[in-house]
Amino acid sequence: MTAVPLATSFVQSQSFLDVLYIVAFGLFIQGLRGLAGPTTAVRGTRIAAVGMAIAVIATLLNPNEGNWGLIALGIALGAAVGVPAARQVKMTAMPQMVALFNGVGGGAVFLISWSEFRLTHGYSHTATYIAIFSLFAAIVGSVSFWGSNIAFGKLQEIIPGRPITLGGAQQVVNLVLLVLAVAAGAYIASGEHSQGIFIGMLVCAALLGNAVVLPIGGADMPVVISMLNAFTGLSAAATGIALNNPALIVAGMIVGASGSILTNLMATAMNRSIPAIVAGGFGGGGAVEGASGAGEHAGTVRSTTAADAAIQLAYASHVMIVPGYGMAVAQAQHAVRELTKALEARGVEVNFAIHPVAGRMPGHMNVLLAEADVPYDQLEEMEEANQEFARTDVSLVIGANDVTNPAAKNTPSSPIYGMPILEVSESHSVIVIKRSMNPGFAGIENELYYEPETTMLFGDAKAAVTEITAELANI
Amino acid sequence: MVIASTLTTNLSILVLAGFIGFVVISKVPNTLHTPLMSGTNAIHGIVLLGGLLTIGLAGNGTFNKVILVIAIAFGTINIVGGFLVTDRMLEMFKPKPKAKPDTTDAGKGDGGDGKAS
């Protein structure tokens with residue numbers, strides 16, 4: 001039994017099971033279509049979850065299935081870890097959680113490939129293409145597993161968020177690791193059965209995963225998380241081809257497509273090429289340029305108080321709130337919602353301007369504001385918001401930095417030049433809530449703070465917003 | 001030739017799924033990108049199937065069993081955790097019944113434990 005090559009035994013699987021798989025991936029696609037709008041999204045994910053249940057049941061019906069005790073053990077272990085984690089995670093910690101879930105997916109992929117290698121005695125009596133897809137899955141899965149774990153560590157601040165880089169040698173090291181992993185894979189595919197080579201390939205891929213993500217700064221995280229998501233999807237699709245399982249192929253490929261689209265969107269929103277982000281080290285060079293550029297500012301920074309800010313906001317007719325990662329860190333989303341309510345009670349129109357890369361993953365701000373019950377029709381995307389700023393009396397920037405920096409439009413020498421920004425400085429006045437004058441993740445001085453219409457309210461985002469709300473009640 | 005046709009069938013599925021993926025995902029608004037990511041994350045937990053299929057063949061060999069149990073556990077974390085967390089997020093996006101200003105402003109101050117409300 002153990003010597004039976006995987007491929008042939010699965011070619012014999014019943015048509016009924018295949019029909020179940022087709023139903024399952026149909027439900028995945030239908031479910032994802034539901035994500036086109038907030039009202040249909042809940043039902044959409046539940047449809048996808050039903051699809052997943054059908055796919056799992058179909059697999060368990062397989063006549064070759066066995067080792068039931070171990071299956072139960074694995075599922076019980078996974079549920080014991082996954083359920084509490086998903087129930088308890090805070091919305092601000094969502095990027096870490098997604099990175100971690102993504103990592104375990106990649107981990108499962110490379111472990112499955114490894115066991116395929118072992119069970120087929122180094123892919124002997126196996127079609128070469130199956131070996132190739134299985135090896136591809138092993139390499140990409142391993143990169144994704146280790147990369148996601150590093151991303152998790154950075155977001156959770158177990159590892160410093162600043163780029164950790166080998167400097168000029170970084171690209172060379174990455175390239176060497178990639179070539180070694182691919183060469184080991186090619187050697188195995190050409191008929192080598194040694195498990196040592198396979199493990200060597202996994203190690204190279206693991207080091208590559210570390211080497212790619214460690215040099216990436218916190219601000220580039222939305223891109224990296226999207227990219228790793230795409231990787232895991234593609235590796236799952238490859239596993240599907242190796243195991244001749246249509247549900248795996250479709251689901252993996254759709255995730256690959258989704259991750260690729262998001263990666264591209266995020267990179268465009270930062271005006272950076274994906275290779276440049278993967279090459280890493282944004283904070284390094286930029287910080288030096290930013291620091292030397294600081295002296296050029298002729299303007300001075302004016303600071304304000306919560307009482308003055310409250311007066312400014314109370315007599316505005318249109319206020320635009322610009323949230324950023326600082327709001328998430330301070331857990332200020334509920335306080336912001338209270339402020340919004342207090343302003344609306346005074347007849348002030350309040351909207352939120354959301355930059356695509358605000359936060360640490362795509363759409364992060366929207367989730368936090370939804371958690372605080374901000375209606376999503378108050379949220380405006382960048383293009384929309386940029387048309388509104390001219391008729392905005394006060395823009396209230398809460399913990400956002402680089403995405404509001406006019407240098408991206410005006411200063412060709414700036415490292416972020418060309419990045420689309422929220423044109424906050426178009427509004428009549430700007431209040432920036434910020435801890436200190438420290439530059440953001442990109443390490444670049446923000447010219448917005450020196451402009452005459454800008455005032456700074458220094459302090460913790462949550463405390464400052466709560467204080468403004470309290471002051472509003474006294475007006 | 002059987003093997004070649006299996007490969008071409010699977011490659012066709014792969015390519016078509018890629019196109020469908022692009023079309024479907026392109027329609028998802030920016031607002032829902034985080035749930036999209038965690039939802040697709042849950043879907044790639046489908047590698048669990050690979051673990052389930054392979055463990056049926058792992059007749060003997062403790063090491064094979066160990067890595068496959070880990071793979072199954074990983075896949076389960078991915079699926080169960082991913083769907084639960086996506087569901088939790090999307091519940092928050094549901095339009096709330098409006099005009100209920102009866103909540104006291106005092107209680108909302110410490111939003112630290114603001115979980116699925």
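Two residues are in contact if their C-beta atoms, placed from the backbone, lie within 7 Å. By that criterion, the contact between the chains takes 106 residues from chain A and 83 residues from chain B. This is a predicted model, in which local features need pLDDT of at least 70, side-chain atom pairs count only at pLDDT 80 or more, and totals for chains, interfaces and linings use all residues. Residues are numbered from 1 along each chain as its sequence is written, and chains are lettered from A in the order in which they are written.

**Chain A side of the contact**
- Helix α5 (residues 94–119) of chain A gives the largest share of the side that touches chain B, 17 residues; helices are DSSP runs (H or I, at least four residues) numbered from the N terminus.
- That side of chain A divides into 66 nonpolar, 31 polar and nine charged residues (Ala, Val, Leu, Ile, Met, Phe, Trp, Tyr, Cys and Pro count as nonpolar, Asp, Glu, Lys and Arg as charged, the others, Gly among them, as polar).

**Nonpolar core**
- The largest nonpolar core has 196 residues (buried Ala, Val, Leu, Ile, Met, Phe, Trp, Tyr and Cys joined through C-beta atoms within 7 Å; buried means 20 or more other C-beta atoms within 10 Å of a residue's own).
- Helix α4 (residues 62–93) of chain B supplies the largest share of this core, 17 residues.
- Ala251(A), Ile398(A) and Ile46(B) have the most contacts inside the core.
- Leaving out residues up to four places away in sequence, Ala251(A) touches Phe25(A), Phe28(A), Ala236(A), Ile43(B), His44(B) and Ile46(B).

Terms used:
Helices (H or I, at least four residues) and strands (E, at least two) are DSSP runs, numbered from the N terminus. A residue is buried if 20 or more other C-beta atoms lie within 10 Å of its own, exposed if 12 or fewer, and partly exposed in between; C-beta atoms are placed from the backbone.
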